[in-house]
Amino acid sequence: METLLIVDDEPRQVKALSAIIGKKWPRFRILEAADAEEAWSLLQREPIDAVLTDIRMPGSDGLSLAERIANEKPAVKTILISGYGRFEYARQALEHRVVDYLVKPIGLADIERIVAKLQHLFDRERRLRQSETLYREHLWRAWLGGTISRELRDELFKPYPAGIPGIAMVLEFAAPSSEIEADPDPSASERLSAKWSESLAALGRSECFADPARSRIYSFAWLDQASAARHAPWTRTVRKIYERLAEGEERRIYLGISRLQPSLTEAAPDALGEALLAVRHRFYAENEPILLRSEVGPFADAARTGTKEAAEAIASAVRNGDRAGARKRMDAFFSFRESPPYPEPDVAKEETVLLYRGVVEALRSGLLAEIDLPSMAAAKRSFEASQSCLELRSRFGRLLDALFEQAEAARRDKNGQLILQCQNYLRERYMEDLSLESLAQMYHFNPSYFSSLFKQKTGVNFSDYVLELRIRNAKRMLENTDDRIADISERVGFRNATYFNKMFKRYTGMSPNAFRRMNGRGAMG
């Protein structure tokens, strides 16, 4: 929508033009002024695109207003109105870049001609702006992706001053609070990018471009030397600009700011990297919407350890109905990741996926197969959609509660309880000579019925279950000890090393020696 200002000291003329144009061409927002001074005041406060002004008015006339507009607001289109069809007015109007000239009385055909001309000019400029914007955004994205040639990079940065201090900034929008992240809204990003770009004029020369796919707006601002010399004023200005932008927005907006660069044009890649690093820390500081690179450190170089141990401890607590113990171990796992140096957010999410997978795998072998454990795919999507470490912890906690509910339901089943006791017995005595018949007798079952019940409740037959226990414990010994493979084979319940090698390869896809070379501390045979 464009804004048209009608200026005339005759109220009836103003109201008539306003009513006709407003009704017939609703794309225009109409403002009114009674003289040139009031018109200029509106031009200072409002985003006006065109002015339709009478020439003869008390005080400053329409030609003076047109001259002032041409000198100070050259983007505004001016049309003059007069009751005198004199060439001198038309000549002066052309000097002041007036786009057209009307003579009273004005008929509907005259209004239609003027509006059509304005629409044509606006549409042409919009196409040019869009074309230039798309081209420059293409260059920015090529530069970000490292695929830009030296010639195009020089073209991209040619308009920007060299040797001038400045900062890079990244605005990032939090996704809606839901389990599945919503698709980004390109129009919202473009709208906010335009608003942000306009507001940054308070800092000096700036450049912005939107990346709707990542829900981000990248921007650079070149500061004057006086502002750059003092940290507080420019950071205060940026904060005020951010607060105006974020006001009324449904999605939370975070802002990452680089350190001040002595020469921003030359340091643009590093500055943008700093701003991205800063805004990524919102994952650990969700209540801090503005993050300065000067106040945050780099992410940890590698993932934290302890995922496997935490999974085993949590699974054991679930099997034993120990909610407090499971929560304590979960809290220890996350608190370890909530202190600097923080793991990169995607790494923290992946570690949580691995933790949940470890718990589920341990429970599938130690609980009943018929338990409806939440799917790994759904859990992974949930963790990856987390907007903060606190939310990641909360989502894991909800899934942990679901595991406890399923485990408790299994324990209430009488036959299920007996099979659970049998499983616990097997986990403690897997290395001994075990038979289905001896276990059936121990739990007072007919061997045939016990075999059927065991497979129904665990999903595998008795012999396969014992074999899996032995292979799992053999893997742990291969990873953590330098013991001979033959000794490990015997220790986990195999009386024949050849058979152990054959079964180990069937279950893992590799020999014990190969497994140790990849995962263990040595390769002793």
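This is a predicted model: local features need pLDDT of at least 70, side-chain atom pairs count only at pLDDT 80 or more; totals for chains, interfaces and linings use all residues.
Local features need pLDDT of at least 70 and side-chain atom pairs count only at pLDDT 80 or more, while totals for chains, interfaces and linings use all residues. Residues are numbered from 1 along each chain as its sequence is written, and side-chain values use heavy atoms, with hydrogens and water left out.

Rings of Phe, Tyr and Trp (its six-membered ring) pair if their centres lie within 6.5 Å, and the planes count as stacked under 30 degrees apart, as edge-to-face over 60 and as tilted for the rest.

| Pair | Centre to centre | Angle between planes | Class |
|---|---|---|---|
| F28 and F122 | 6.3 Å | 55° | tilted |
| F445 and Y449 | 5.7 Å | 35° | tilted |

F28 lies in strand β2 (residues 28-33) and F122 in helix α5 (residues 108-144), so the pair ties together parts that are 94 residues apart in sequence; helices (H or I, at least four residues) and strands (E, at least two) are DSSP runs, numbered from the N terminus. Both F28 and F122 are buried, where buried means under 20% relative accessible area, exposed over 50% and partly exposed in between (1.4 Å probe, protein chains only). F445 is buried at 13%, whereas Y449, at 42% relative accessibility, counts as partly exposed. F445 and Y449 also belong to one aromatic cluster, together with F450, F454, F462 and Y465.
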